[in-house]
Amino acid sequence: FQLVSGDGEVSLDITQKRQGEEIKFGQVVRLLHVTSNSFLCESRRLRATREKANQRVVLADFTSEELRGSRWRVVPRYKVRSEGQKICNRDVVVLQSLAGDTTLHVCNSHDSTTDNYHEVNAGLTASGFKLQVYDMQSAANEGRELRCGDCIQLFHREERAFFIAHQCRKPLSELASVS
């Protein structure tokens, strides 16, 4: 994922202007899936597959109606950091959705039909993710501040697994909607 400023509208011009700005706890960001050029969004229409009380998390492009759920406030997972401090490589964070009172959450149970992957959804139970720069070959990335435009990996500490995203084979309009 690429860290993109979550302030204001989504546009290529604004994204390029904000490149290189430091990211701080309490700031709003968007997570751009670089491969598909889609944003990680909380869907307000779709329920999670495994935990029906939670909302589904989807990848949405620039024109999607789901894009309003693409803004996430970055808060520290542990009380050793506070709002306004710079976020460093390998800090553990919670991502709070601005679309609802939910956080990015990893389902505790896994699905044997999907190669034992855990579903990621938006729910009331917070999951901590370690943000780390994608290119860990360089020792210069250790402990440095994260900036808009950085490509990062999300590592789930409790499950000891990386967050991976893939596009669904069906369009959002064909998926079951919330009753």
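In the predicted model, strand β10, which spans residues 152-156, is mostly covered, with five of its five residues buried. The burial extends to both faces of the strand: Ile152, Leu154 and His156 lie on one side, Gln153 and Phe155 lie on the other, and all are buried. Strand β10 has a pairing partner in β9 (residues 129-133), and the two strands run in the antiparallel sense, joined over five bridges. Within this pairing, Leu131 stands opposite Leu154 of β10.

Four salt bridges were found in a search of the whole structure. Two of them involve Glu22. In one, the side chain of Glu22 meets that of Lys86, with an N to O distance of 3.4 Å. Arg147 is located in the loop between β9 and β10, and 125 residues separate Glu22 from Arg147.

The members of these pairs can also be described by their accessibility. Glu22 has a relative accessible area of 24% and is therefore partly exposed. Lys86, at 36% relative accessibility, likewise counts as partly exposed, and Arg147 is placed in that class by a value of 30%.

A further salt bridge joins the side chains of Arg81 and Asp91, at 3.0 Å from N to O. Both Arg81 and Asp91 are in the loop between β5 and β6, 10 residues apart. Arg81 is partly exposed because its relative accessibility is 23%. Asp91, in contrast, has a relative accessible area of 13% and so is buried, the cut-off for burial being under 20%. Through shared partners, salt bridges join Glu22, Lys86 and Arg147 into one network.

Asn37 is a residue other than glycine, yet its phi is positive, near 55 degrees. Asn37 is placed in the loop between β2 (28-33) and β3 (38-47), and its relative accessibility of 41% means that it counts as partly exposed. Arg90 is not a glycine either, and its phi is also positive, at about 75 degrees. The position of Arg90 is in the loop between β5 (72-76) and β6 (92-97). With a relative accessible area of 34%, Arg90 is partly exposed.

Note on methods. Residues are numbered from 1 along each chain as its sequence is written. This is a predicted model: local features need pLDDT of at least 70, side-chain atom pairs count only at pLDDT 80 or more; totals for chains, interfaces and linings use all residues. Side-chain values use heavy atoms; hydrogens and water are left out. Buried means under 20% relative accessible area, exposed over 50%, partly exposed in between (1.4 Å probe, protein chains only). Helices (H or I, at least four residues) and strands (E, at least two) are DSSP runs, numbered from the N terminus. Two strands pair if DSSP finds at least two bridges between them.
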